[in-house]
Amino acid sequence: MTVVLNKRTDINLESFLRVSWQGERVRLGAKALERIAECRRSFLALLESDPELVVYGTTSGGGERARFRLTREEMDEQGRRPHRGSSSWGQPLPDRVVRGIVLARLANWIEGHGAVRPELAEAVASLLDGEPLPEIPVRGNGGSGEVLALGHLVDAIVARADGTELKEPMELINGSPCAAALVADAALAARRRLALAHEVFALSAETILAPLEAYSPPLAELWGDEHEAAALGALWRNLRGGAADRRPYQAPVSYRILPRVLGQAHRAVAGAEVAADVSLASVSDNPVYVPPDDEHPFGQSFSTGGYHNAMAYPALDNLAAAWADLCQLAERQTERLLATIETGDYSVMSGFYMVM
């Protein structure tokens, strides 16, 4: 199977799953390639129309040399000199995450906002054809944007594109595809982890024959929260049809608060999914090219801070906090189950432990 991309919104959690986790290939559709070529031509026309225009990393130097204007010869030379070498190190990211980074890299270009050649965009897409990808180390990445992490992909892209031209070296290392891929990967893993958590906690509740009233559907309306309602519904479905005779008094706290704590996990997962969908399709380039309109026939170029993804890290933090809460609940419930085994009081437990 192949994922065909024609617009930015084609890069989403569903296509990320197919490309990153399931290993499908990526191709740029005819509409995308035509748009990329059009914007490349109009960007070059913009440079010709305004000799005083400053485009970071194109008509000026990069980094500390941003204040220096370049001659045309210097611009062309800079365009043929992609950034190489990165100082990050340590354990590499999983291959599925690197595939996700490559996919997210295309969001800056697919509608022309990177002003790259179609050949460069196709070279990036071809990295997902199944051959081994360069390793991106986890440690040592930092600073403005994701330059260090993305630097590890440069040589592979340049080799497939037969070099780079004006503006393109900056395009290879700018934006925030790493943050987008990491939050997308975490969101997909979180879906499965949350489903497993529901099953595990339901088994625990059944083991102690917890009264079902703490998971009763009418509580959803009383609490008024969609995520806690989802947790209640999942617990109720898993426990329905269990033992008919249950303990006649309330369950321990760690069992009664399950819908609330699982509800927070639902909220964290939903937030991560939103952050992933937005981030994967986001144009996070610097400088970013805005294609032509009636007022600007050659388009516009802006320096921005779009490479700073302010959605991804709070979403990842919220997921980590939700898993920590669930781990603490699991610890409390495990202590309760073990204490019951040690005391030999099986009167409130199902037959599961009778055969241990």
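**Confidence**

I began with pLDDT (the predictor's confidence in each residue, from 0 to 100) and noted that this predicted model has a mean of 93 for the protein chain, with 96% of its residues at 70 or more. I then marked residues 348-356, where pLDDT stays under 50 and where the model has 18 contacts beyond four places in sequence; contact here means heavy atoms within 4.5 Å. For my own bookkeeping, residues are numbered from 1 along each chain as its sequence is written, and side-chain values use heavy atoms, with hydrogens and water left out. Local features need pLDDT of at least 70 and side-chain atom pairs count only at pLDDT 80 or more, while totals for chains, interfaces and linings use all residues.

**Backbone entries**

I looked up the peptide bond between N286 and P287 and found it to be cis, with omega about -5°. P287 sits in the loop between α13 (258-280) and β5 (288-290), where helices (H or I, at least four residues) and strands (E, at least two) are DSSP runs numbered from the N terminus. I kept in mind that most residues other than glycine have a negative phi, and that most peptide bonds are trans.

Next I checked A115, which is not a glycine and yet has a positive phi of about 55°; A115 belongs to the loop between α4 (95-105) and α5 (118-126).

I found S15 in helix α1 (residues 13-21), buried at a relative accessible area of 4%. Leaving aside residues up to four places away in sequence, S15 touches V3, D10 and L103.

S176 I placed in the loop between α8 (168-173) and α9, and S176 is buried as well, at 7%. With residues up to four places away again not counted, S176 touches E146, S284, G306, Y307 and N309. I also took the C-alpha to C-alpha separation of S176 and D95, which is 18 Å in space for 81 residues in sequence.

**Helix packing**

I compared α9 with helix α11 (residues 226-239): their axes come within 9 Å and cross at roughly 55°, the axes being lines fitted to C-alpha atoms over the stretch in contact and the angles running from 0 to 180 degrees between N-to-C directions. That makes α9 oblique to α11, since angles under 35 degrees count as roughly parallel, over 145 as roughly antiparallel, 65 to 115 as roughly perpendicular and the rest as oblique. On the α9 side I listed H198, E199, A202, A205 and E206, and on the α11 side A231, A234, L235, N238 and L239.

I then turned to α11 and α13, which pack at an angle of about 120° with their axes 7 Å apart, and α11 is therefore oblique to α13. The residues in contact are H227, E228, A230, A231, L232 and L235 of α11 with L258, P259, R260, L262, G263, H266, R267 and A270 of α13.

Methods
Buried < 20%, exposed > 50% of the residue type's maximum accessible area, 1.4 Å probe, protein only.
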